[in-house]
Amino acid sequence: MAGISVIIFSILMLKTISQYTSLEKNVGFLAFKQNVIDNPYWMTFFYIHIFSITLCLLAGLTQFSNLFLEENKKLHRIIGKIYVYNILVINVPACFVLGLFSNGGLTGVVGFIIQDILWAYFTIKAVLFIKKGNVADHKNYMILSYAVTTTAITFRIVKNLFYNEKYHDYELFYGLNVWLALVVNLLIAYLILKRNRPLSPLKRDIRQENNNGSKQY
C-alpha cells in the first residue's frame, strides 16, 4: 500500500513538474519566489532539483522489495547507484542552495538544511555498510534515506489537506510543515525498523515455545 501511494504521488508530482517545462517564471511554486527568480544560480538548482527528484523517488521505491532483489540483483545494484548518485551528486547540493532561500523564514531554512544533512548522512552510511557487506544495516539506512526523500510527498499532502490561506499565515505554516514532514517520515521509518528488527535469542525461544504449546491443543 505504501509503495502504491508513493507511485501515485510521484505521478502527481510529475504532473506538477510538467508545468515548469515551459521555463516561465510565474508558474506554480515560482509565483511565490519572485524575489529570487532573477538569480541564475537559484533557478539552475531549482530546475535540476525538480526534474531529477521524481526519478529519485521511483528509483528508491524498487529497492525494498525482497522479491525484486532476489530476481534482479544486478538491476537492483544499478538502480541503487542511480538513487545514490542522484541524491549525493545532484540533489543534496541543489537542495542546500534552495534551502538557504527557503520560504518559512528561519524555521523553514533550518528545517531544510537539517533535512539535507540527514539525507546525505543516511545515504552515505548505507553505501559504506554495503561496501562492508553489512546488508542489514545497509537496508536500515536506505530506509532512513528514503524517508527523507519522501518528505517532499508528505509536505505536499499536509499542505493540500490543511493549508487555508484564510486562516493560516503562509510563512509560518510552510516553515512548520517542513519540520512536520521530516518528523512524520522519520517516525514511520523508525516503526518500520523496529518491526524488522531481529528478535533476541531469548524472545525467539519464548515465541517458539509459545507456538509449540499452542500446537499441542
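This is a predicted model: local features need pLDDT of at least 70, side-chain atom pairs count only at pLDDT 80 or more; totals for chains, interfaces and linings use all residues.
Good morning. Is Gln 115 buried or exposed? With a relative accessible area of 9%, Gln 115 counts as buried, because the cut-off for that term is under 20%. If we leave aside its neighbours within four places in sequence, Gln 115 is in contact with Val 148, Thr 151, Val 178 and Leu 182.

Let me turn to the nonpolar cores. The largest has 38 residues, and those touching the most other members are Tyr 20, Leu 30, Trp 42, Phe 46, Tyr 47, Tyr 83 and Trp 119. Two or more residues are given to this core by each of α2 (40-61), α4 (73-100), α5, α6 (135-149) and α8 (170-196). Which element provides the largest share? That is α2, with nine residues. As for Trp 42, its contacts, again leaving aside neighbours within four places in sequence, are Phe 29, Leu 30, Lys 33, Val 36, Leu 98 and Phe 101. There is also a second, separate core of five residues, among them Tyr 170, Tyr 174, Val 178 and Ala 181.

Finally, the largest pocket. Its volume is about 1100 Å³. Of the 41 residues that line this pocket, Phe 29, Ala 152, Phe 155, Arg 156 and Tyr 174 lie nearest its centre. The elements giving two or more residues to the lining are α1 (2-18), α2, α4, α5, α6, α7 (151-162) and α8. Here the largest share, eight residues, comes from α7. Thank you for your attention.

Notes:
Residues are numbered from 1 along each chain as its sequence is written. Side-chain values use heavy atoms; hydrogens and water are left out. Buried means under 20% relative accessible area, exposed over 50%, partly exposed in between (1.4 Å probe, protein chains only). Contact means heavy atoms within 4.5 Å. A nonpolar core is a set of buried Ala, Val, Leu, Ile, Met, Phe, Trp, Tyr and Cys residues joined through side-chain atoms within 4.5 Å. Helices (H or I, at least four residues) and strands (E, at least two) are DSSP runs, numbered from the N terminus. On a 1 Å grid over the protein atoms alone, a cavity is a set of points where a 1.4 Å probe fits but cannot get out, and a pocket is an open set with protein on both sides within 12 Å along at least five of seven lines; lining residues have an atom within 4 Å of a point. Grid points are joined across faces, edges and corners, and a volume is the space filled by probe spheres set on the points.
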